Amino acid sequence: MPAAVAAAIAADAIGTYVAEAVIFDLVAATTLDWVATYAVIQAGASFVSGAVLRGALSGGAEDAPSSPSFTMQAQARTHVIRSAVANRNIVYGRAMVSGPLVFAAASSDNQTLHLVIAIAGHEIDAVEDIYFNDEAIGARDADGNVTAGTFSGYAQVVAHLGATDQVADPV
């Protein structure tokens, strides 16, 4: 990025210098023609010199950012992000995913934290495992209470699959 900034500044300076040299030394015209000619020459010289400088500063490599690795893409899908305008995920097959945090509230005595995370924007057939900080939470009972592992007695996870006949969660 710094190379691109340096190229842009240098290209503007070169374009301005070339335009002034051409206008003041070679063009003898009316004021309106002078302004238009100056603008065209300055823009063209800036464009050409910028392209040359960017090519020289990048060492012939493309300036396009490289695509992120699969690991980085997968990691981005497993983090909870709170956003009012997050896109809905579309999940095909089995995948480790997370989604936007769409609701967060604490109980009146600050003993319970309720979080709602939208995993997909459509009906899914199962939520197989739940992870907190890359650690599987373990077994859960019928009410979603974690019964084994580090989070036993501390967490309750209730998964709703998004069926059309699904009733609202009373909790």
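Begin by selecting Glu 128 and Arg 94: the two form a salt bridge, with their closest N and O atoms 2.7 Å apart. The term denotes a side-chain nitrogen of Lys or Arg within 4 Å of a carboxyl oxygen of Asp or Glu. The pair joins distant parts of the chain, 34 residues apart: Glu 128 belongs to the loop between E2 and E3, and Arg 94 to the loop between helix H3 (70-77) and E1. Helices (H or I, at least four residues) and strands (E, at least two) are DSSP runs, numbered from the N terminus. A search of the whole structure finds one salt bridge.

The model is predicted: local features need pLDDT of at least 70, side-chain atom pairs count only at pLDDT 80 or more, and totals for chains, interfaces and linings use all residues. Residues are numbered from 1 along each chain as its sequence is written, and side-chain values use heavy atoms, with hydrogens and water left out.

Now colour the two partners by accessibility. Glu 128 is partly exposed, at a relative accessible area of 49%, whereas Arg 94 is exposed, at 72%. Here buried means under 20% relative accessible area, exposed over 50%, and partly exposed in between (1.4 Å probe, protein chains only).

**The whole chain**

Switch to a cartoon view of the protein chain. Three helices and four strands make up its secondary structure, and along the sequence they follow the pattern α-α-α-β-β-β-β. Of the 171 residues in the chain, 14% are buried.

**The largest pocket**

Next, select Ile 117, Ile 119, Ile 130, Val 157 and Val 158, which lie nearest the centre of the largest pocket among its 49 lining residues. The space in this pocket comes to about 2,000 Å³. Rolling a probe the size of a water molecule over the atoms shows where empty space is left. On a 1 Å grid over the protein atoms alone, a pocket is an open set of points with protein on both sides within 12 Å along at least five of seven lines, and lining residues have an atom within 4 Å of a point. The volume is the space filled by probe spheres set on the points, which are joined across faces, edges and corners.

Which strand gives the most to this lining? Strand E2 does, with five residues; E1, E2 (113-117) and E3 (131-132) each supply at least two. By type, the lining holds 28 nonpolar, 13 polar and eight charged residues. In this count Ala, Val, Leu, Ile, Met, Phe, Trp, Tyr, Cys and Pro are nonpolar, Asp, Glu, Lys and Arg are charged, and the others, Gly among them, are polar.

Stay with Ile 130, in the loop between E2 and E3. Ile 130 counts as buried, at 16% relative accessibility.

**A second contact across the sequence**

Select Val 91, in the loop between H3 and E1. Val 91 is buried, with a relative accessible area of 17%. Gly 121 is 30 residues away in sequence and 8.4 Å away in space, C-alpha to C-alpha.

**Asn 133 and Asp 134**

Move to the loop between E3 and strand E4 (135-136), where Asn 133 is found; Asp 134 lies in the loop between E3 and E4 as well. Most residues other than glycine have a negative phi. Asn 133 has a positive phi, near 55°, and that of Asp 134 is also positive, at about 65°. Asn 133 is exposed at 79% relative accessible area, and Asp 134 is exposed at 74%.

**A nonpolar patch**

Finally, show the surface of Val 102, Phe 103 and Val 116, which make a nonpolar patch of about 260 Å². Val 102 lies in strand E1 (residues 101-106). Such a patch consists of residues with over 30% relative accessible area and no salt bridge, nonpolar side chains (Val, Leu, Ile, Met, Phe, Trp, Tyr) being joined within 5 Å and like charges within 9 Å. Accessible areas come from the Shrake-Rupley method with a 1.4 Å probe; for residues, only the protein chains shown count as cover.

Technical notes: 1 Å grid on protein atoms, 1.4 Å probe; cavity = no way out; pocket = protein on both sides within 12 Å on 5 of 7 lines; lining within 4 Å.
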